[in-house]
Amino acid sequence: MIRLRNVSKYYYSKGIIASGISKVNLDLDVGEFVVITGESGSGKSTLLNVISGLDTYEEGEMYIEGHETSHYAASDFEAYRRKYISCIFQSFNLINSYTVYQNVALAMQIDGCEHSVIKSRVRELLGKVGLSEFENRKVSKLSGGQKQRVAIARALARDTKILVADEPTGNLDSESAEGIVELLTEIAADRLVVVVTHNFEQFKDRATRVIKMHDGKIVEDTYTGRHLHASAASSQEHAADDEPKRRHMSYAAQLGLGIRNTFNLPAKFLLLLLVFLFVTSSVSAQYVSVKKQRDTVSEQGTNFYFSNYDPKRIVIERSDHQPFTRADYEAIEKAPHVDKLVRNDMIYDSSVYFDSDDLPFNGYISDVKCMSRKPDLGRMPEADNEIVLEGADDGWMLGENPEAVIGKTYKMSTDGSSDAEYEVVVAGIIKDRDKSSEDSSDSEGFYATSGVGTAYLPDALISKIRTDMYAAAGTTTLVVDGNEEEVVPGEGGLVVNSNVPEGYILLPTSYDSMFDKGYAAGNLTKLSSKTLYYGESLELMIMGTYGEKTFTKKTGLKDLSEHNGEIYINETDFRRLYEKGSYQASVFVDDTRNINGMKDMLERGGFEVLVLRDHIYNFIDTALIDIIQLPMAVLVSIAVFFIAYFVIRLILKSRGVYFATVRMLGMDRPSVQRIMRIELMLESMIAYAVFLLFIYLSRIRVIHSDQLSDYIKYLSPRDYVILAGILLVMALLISGRFMRSIFKSSAMGAYREEA
Ligand code: ADP
Ligand code: MG
């Protein structure tokens, strides 16, 4: 079966050439029980390794069933071993992190045996070597003798024609040694068994042939004349599969091993978990910081017409230029992705402030309906002059003592309705955690919205402010006897006076000279107001004019010098001119990604749409970030990959013995690679799941971390998928590289290197 002709093997190490065996001639056949003896260093192990294809030889020729092997590549020897050889190694070569059962079963799994076959055969073999009760014990917890027996059971599990054993009884007491010798004798009946031993005594009654070695050469080769009779049981056992069919290891078994290897070394599992977590969090941190920076910069622009240019804001008007109706509002509020609807948009762009030092508040006007939540202090507004303020609780917005502000009356002014003042009572306060004045100092010099509060006002108050704003923002003209002039609502201009009846107007005496008769009273005038949104005209009869003497009598006011040139009308007429509905509203989307969809929907719904985000003039171009920060982030991410790669290689280095062992058991490269891949991919996905868990915990506010909130804010579902993909690709790359380094040398070479 095996023939060696002048075979020599040399070892090269550190420039010195040592001879392992030289010019060995040997014929071995099935049914032989060959014992090789000789003093230490005589070449026994070398001979055995050459026979079993674990090591190559340099000279001569070895024939396997008549085939030359000198031209064999490593893969040919691997195939040869898979087909013919089972080994019992001097150093056991067991997998310490597996149980006894798993070690023995592994050899059969590699051969592609079925689960049920494996189960009964392994149990049977463990019974034979006397290890039944240690089936589920980890090999690392066994004594030397027990390990030896596991190694023997494993070798027997593979139904091969040749079994080689290097010092199989070296670690056993004489009684168990005898049992092993018995076992080997039994199986030698229909196989070739080659045993190396320095303890010839134990085998001398059983061997059919004794070979003695010295200095790398065979010096004695004698047949004992003994013959082995195949026992009934064992001959039956092998009759069916005289030429055993070697199948491939099943994918299920590979998956099982991959999963087992992931978890069976807790320290390795945790270390790898940490590395993958490090990769996940630092790569996403880089990504998020670029996205955040871009977002911040795009908010730090300005718009010359709107002072609140939140990127989520869309300004709308009705296409027919009529005021919004309740139905309009309700339809929009019901639409998907609408975060809030600000009904009085004009007001939203003007800010309010107060006359008091204890309330330094400054913020945009919004509607009570748009409040993000119930007030933290105080209550919801009930009366028409009650308001709620939302702002950072840092002393700058809500004053040193926000509680003292509740229930107090203030004079509120706005920057949109000239010098009008409104008496308001602060009913409630919302402390804004996310916005603080510190944020606004970040963007110093920019007109950013962060750091500015919001005042929630009831409808009646908003309507009042809007009236004043239309008056202040529009153009009001008065036509008297064909002369047109512009008048400005407010002190010194057009003023409401209750002494003037509806439909009348009271003018200064200077208007008298415009008329031929010398007095203006009784003539009609036209008073018009025009804003961006509407035009309105009233015909008013001049009720008379006032002079120095008649001023107080006609107006009820005191000092003319403070009211020079004022024109008086009735409040109802004033309202007719200026108290109009809202012609402009703002829709805020829940996410900037939905802006375009919302724009289309609103346009189809009959509105004119202005997406504010598209009309922001940036001081810093986002392209600048792409040039500076993006490459930095990419570099850092690459560095992270390399660090992770080297750390993972270090961690996996200890696994080299494992892979060398499974190769010696005959596992082929694709299977080894698949098991390795499964292990790393599973590990990376577990790390990813842990990462997601942290994000989830932060989302439900179990843990607090600014970094985690940034992840939540800036990572889109697509980003999560990409991140998982990056991890998987990384796991694949690393396992690929690792495989290449493992398969650089032969199984034995790899084992020698690692062990
Ligand atoms: P034995 O098993 O009979 O003790 P070996 O086959 O292990 O003998 O060794 C035979 C010879 O080859 C010895 O001289 C030994 O020094 C040498 N040798 C064995 N293994 C190596 C090795 N890995 N590197 C270098 N020399 C080796
Ligand atoms: Mg040896």
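Start by selecting glutamate 679 and lysine 268: in this predicted model they form a salt bridge, with the closest N and O atoms 2.5 Å apart. The pair links distant parts of the chain, since glutamate 679 belongs to helix α20 (residues 669–699) and lysine 268 to helix α9 (residues 266–299), 411 residues apart. Hide the surface if you have it on, as both glutamate 679 and lysine 268 are buried.

Stay on helix α9 and pick lysine 291 together with aspartate 719. Their side chains meet in another salt bridge, 3.1 Å from N to O. Aspartate 719 sits in helix α22 (residues 717–742) and lysine 291 in helix α9, so this pair ties together parts that are 428 residues apart in sequence. Aspartate 719 is buried, at 7% relative accessible area, while lysine 291 counts as partly exposed at 28%.

Next, select arginine 206 and glutamate 182. You'll find a salt bridge here too, with 3.0 Å between the closest N and O atoms. Arginine 206 is in the loop between β8 (192–196) and β9 (209–214), and glutamate 182 is in helix α6 (residues 174–188), so the pair ties together parts that are 24 residues apart in sequence. Arginine 206 is partly exposed, with a relative accessible area of 29%, and glutamate 182 is partly exposed as well, at 40%.

Now try four residues at once: Arg121, Glu124, Lys128 and Glu186 are linked in a network of salt bridges. How many salt bridges does the count come to? The answer is 35.

Time to bring the surface back. Colour Asp355, Asp357, Asp419, Glu421, Glu423, Glu491, Asp559 and Glu562, and you have a negative surface patch. Click on aspartate 419, which lies in the loop between β18 (409–414) and β19 (421–431). Aspartate 419 is exposed, with a relative accessible area of 57%.

For a nonpolar patch, select Leu630, Met632, Val634, Leu635, Ile638, Phe642 and Phe646, which make up about 690 Å² of surface. One of them, isoleucine 638, is in helix α18 (residues 622–653) and is partly exposed at 39% relative accessibility.

Last stop: valine 480, in strand β21 (residues 475–480). Is valine 480 buried or exposed? It is buried, with a relative accessible area of 1%. Show its neighbours and, leaving aside residues up to four places away in sequence, you'll see valine 480 touching Tyr511, Met514, Phe515, Thr525 and Ile542.

Notes. Residues are numbered from 1 along each chain as its sequence is written. Chains are lettered from A and ligands numbered from 1 in the order in which they are written. This is a predicted model: local features need pLDDT of at least 70, side-chain atom pairs count only at pLDDT 80 or more; totals for chains, interfaces and linings use all residues. Side-chain values use heavy atoms; hydrogens and water are left out. Patches are made of residues with over 30% relative accessible area and no salt bridge: like charges are joined within 9 Å, nonpolar side chains (Val, Leu, Ile, Met, Phe, Trp, Tyr) within 5 Å. Accessible areas come from the Shrake-Rupley method with a 1.4 Å probe; for residues, only the protein chains shown count as cover. Lys and Arg count as positive and Asp and Glu as negative; His and the chain ends are not counted. The place of a charge is taken as NZ of Lys, CZ of Arg, CG of Asp or CD of Glu. Helices (H or I, at least four residues) and strands (E, at least two) are DSSP runs, numbered from the N terminus. Buried means under 20% relative accessible area, exposed over 50%, partly exposed in between (1.4 Å probe, protein chains only). Contact means heavy atoms within 4.5 Å.
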